[in-house]
Amino acid sequence: MRLKSPLISARLILDNLDATALPPQYLAWINDREITRYMEIRFHTQTAGELTDFVANMNESGDNLLLGIFLKQDRRYIGNVKLGPIIAPHRRADMGLFIGDDALWGKGYATEAIELLTAHALGPLGLHRVTAGMYTGNVGSYRAFLRAGYTEDGRLREYWLSDGHWQDEIVLCKLAGATRE
Ligand SMILES: CC(C)(COP(=O)(O)OP(=O)(O)OC[C@H]1O[C@@H](n2cnc3c(N)ncnc32)[C@H](O)[C@@H]1OP(=O)(O)O)[C@@H](O)C(=O)NCCC(=O)NCCS
């Protein structure tokens with residue numbers, strides 16, 4: 001799935017990625033063990049070809065929206081946010097993201113990207129619910145989704161084995177303001 005026009009907030013632009021011209025830092029980031037510490041992609045080192053195929057598949061998919069996160073001031077690419085899979089019969093989807101340059105963590109960019117894509121999901125896309133799941137240890141992700149208006153649904157105990165230690169999965173969600181049939 002692709003956006004017809006970019007989503008824009010105070011400091012960010014969310015836009016489609018061109019699978020044939022991916023920013024080179026994307027491959028470096030998803031193979032960086034510090035960035036992927038709480039992401040499942042850490043179990044497999046990606047090649048450039050695999051990444052191109054992944055982005056092309058996302059762009060062609062009818063139920064996934066993968067977007068690059070860009071700084072509005074200079075169009076610098078700083079990470080990705082993904083909505084999907086979208087489960088159309090139940091009008092819900094999952095959301096996940098990364099900010100690839102850790103020097104940019106803690107500046108509110110994740111919160112802003114989540115707010116922007118959630119508004120698109122619960123507005124123009126007509127979804128009723130967006131879900132975000134994360135490791136208990138992923139404090140930055142947890143706080144960003146909370147700041148973006150998500151609330152906690154529950155926890156799945158000892159769901160992830162992370163560096164030899166069990167961690168719970170925290171499930172957060174944001175619901176549309178009103179139900180529609
Ligand atoms: C998780 C991540 C997306 C957060 O991005 P971010 O831009 O730093 O998030 P924000 O700046 O919006 O931060 C939200 C809050 O979390 C805090 N925070 C961010 N990173 C943190 C960390 N590593 N430890 C503790 N708190 C952190 C921020 O200070 C801010 O706190 P506040 O509510 O008191 O202001 C980013 O750290 C990242 O990309 N991590 C690697 C990939 C990843 O884990 N993705 C999520 C998978 S579910």
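Mentor: What follows is a set of questions and answers on the chain, its sheet, its core and the shell around its ligand. This is a predicted model, in which local features need pLDDT of at least 70 and side-chain atom pairs count only at pLDDT 80 or more, while totals for chains, interfaces and linings use all residues. Residues are numbered from 1 along each chain as its sequence is written.

Trainee: What makes the radius of gyration of the protein chain agree with a compact globule?
Mentor: The radius is taken over C-alpha atoms, and the globule rule is 2.2 Å times the number of residues to the power 0.38. For 181 residues a compact globule would have a radius near 16 Å, and the protein chain has 16 Å, so the two agree. Along the principal axes, its C-alpha atoms fill a box of roughly 45 × 40 × 30 Å.

Trainee: How many helices and strands does the protein chain have?
Mentor: There are four helices and eight strands. Both are DSSP runs numbered from the N terminus: helices are H or I with at least four residues, strands are E with at least two. From the N terminus, the order reads β-β-α-α-β-β-β-α-β-α-β-β.

Trainee: Which strands are called edge strands, and why?
Mentor: Two strands pair if DSSP finds at least two bridges between them. The eight strands form an open sheet, ordered S1-S2-S3-S4-S5-S6-S8-S7, with mixed pairing. S1 and S7 (151-162) are the edge strands, as each pairs on one side only.

Trainee: How do you know that S1 and S2 pair?
Mentor: S1 (residues 7-8) and S2 (residues 12-16) share two bridges in the antiparallel sense, and the definition asks for at least two. They form a hairpin with three residues between them. Leucine 7 has leucine 14 of S2 as its bridge partner. S2 also pairs with S3 (residues 65-71), antiparallel over five bridges, where leucine 14 is partnered by isoleucine 69.

Trainee: Why is methionine 134 called buried?
Mentor: A residue is buried if 20 or more other C-beta atoms lie within 10 Å of its own, exposed if 12 or fewer, and partly exposed in between, with C-beta atoms placed from the backbone. Methionine 134 has 22 such neighbours inside 10 Å, so it counts as buried. Methionine 134 lies in S6 (residues 129-135). Across the protein chain, buried residues make up 27% of the 181.

Trainee: Which residues does methionine 134 contact, leaving aside neighbours within four places in sequence?
Mentor: They are Tyr38, Ser141, Tyr142 and Ile170. Contact means C-beta atoms, placed from the backbone, within 7 Å. Tyrosine 38 is 96 residues away from methionine 134 in sequence, yet their C-alpha atoms are 7.6 Å apart.

Trainee: What makes a set of residues a nonpolar core?
Mentor: It is a set of buried Ala, Val, Leu, Ile, Met, Phe, Trp, Tyr and Cys residues joined through C-beta atoms within 7 Å. The largest one here has 41 residues, and Leu14 and Ile69 are among those with the most contacts inside it. Helix H3 (residues 109-122) supplies its largest share, seven residues.

Trainee: How many residues surround the ligand?
Mentor: There are 22, and Trp105, Ala110, Thr111, Gly140 and Arg143 are the closest. A residue is near a molecule if its C-beta atom, placed from the backbone, lies within 6 Å of it. H4 gives the most to this shell, with six residues.

Methods: Contact = placed C-beta atoms within 7 Å.
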